[in-house]
Amino acid sequence: MIPATIIREAQADGVRLALSPSGTIKATGDGAAVNRWLAVISERKAEIIDALKVSPGDTATASRWWLIHYPDRDPLEVACCPEATHADILERHPDAVAAEPFTPTTRQASAPLTAEDETAIRAWLALIEETDPATIAEVIGQCQRDADARDYFTGRAAAELAKPAPFPDDRRTCDQCANLIARRCQAAKRGEIAASRNYEPIRDLRRRCEGYAPRPEDTDRRPGRARWPELI
Ligand code: SF4
């Protein structure tokens, strides 16, 4: 068992492990339960002390990657930007029983970071008010090498950056135009648009046409000339 697992399972068994003021392990809880854990605590003492040093009161230890343990489910790996302390992590995950920093194994990126992804990541870092050039360079460098880091940061950017306004598609098809009768454009027949008199337009092609006349179901009652005056 790794130290965080020992801390977590002991807690689940009713034994709370903490550091005493002198830096040794203090085990509190039901006496019988404490006795059950004494052997393993003794055997892994140094490692457990190291793990306990990363405690809620330890604000100096910050990490980008944290492994969070829960009493009732599998551990969760999380990435943090900016780096988070143990206190930050436990505040964000109040149902966690332990958390430890870890260094993720690198899954090598198979392709270069695209300019588009880099722009998005930089924009997201700006969004979270990360302005430290060294941190930004570190994140971009990591995303260039590490596929998981790239997935994480591009995912955050995609989820949190404001989306561009959708293309205002005000175009209409000839099928939606009251001037289309029996495949023929009546506006062309009357010489109102620049087309032959027996013009048979592509009926399902979206367009902006000065001859457009709204059918009854079109809530915008303006004809093409009023909608798109720039065409005239
Ligand atoms: S007026 Fe324009 S939109 Fe209407 S049927 Fe003719 S070509 Fe199509």
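The dialogue below takes up the model, its cavity, its ligand and its aromatic pairs.

Me: What kind of model is this?
Reply: It is a predicted model, in which local features need pLDDT of at least 70 and side-chain atom pairs count only at pLDDT 80 or more, while totals for chains, interfaces and linings use all residues. Residues are numbered from 1 along each chain as its sequence is written, and side-chain values use heavy atoms, with hydrogens and water left out.

Me: How many cavities of 30 Å³ or more are there?
Reply: Rolling a probe the size of a water molecule over the atoms shows where empty space is left. On a 1 Å grid over the protein atoms alone, a cavity is a set of points where a 1.4 Å probe fits but cannot get out, and lining residues have an atom within 4 Å of a point. The search of the whole structure gives 1 cavity of 30 Å³ or more. Its lining comprises 14 residues, with Cys-174, Cys-177, Arg-207, Cys-209 and Tyr-212 nearest the centre of this largest cavity.

Me: Which space does the ligand take?
Reply: A molecule sits in a cavity if more than half of its atoms lie within 2 Å of the grid points. Here the ligand takes the largest cavity. Residues with a heavy atom within 4 Å count as near; among those surrounding the ligand are Asn-179, Leu-180 and Tyr-199.

Me: How many aromatic pairs does the structure hold?
Reply: Rings of Phe, Tyr and Trp (its six-membered ring) pair if their centres lie within 6.5 Å; planes under 30 degrees apart count as stacked, over 60 as edge-to-face and the rest as tilted. The structure holds 4 such pairs. One of them, Trp-65 with Phe-102, is edge-to-face, at 6.2 Å centre to centre and 65 degrees between the planes.

Key
1 Å grid on protein atoms, 1.4 Å probe; cavity = no way out; pocket = protein on both sides within 12 Å on 5 of 7 lines; lining within 4 Å. Points joined across faces, edges and corners; volume = space filled by probe spheres on them.
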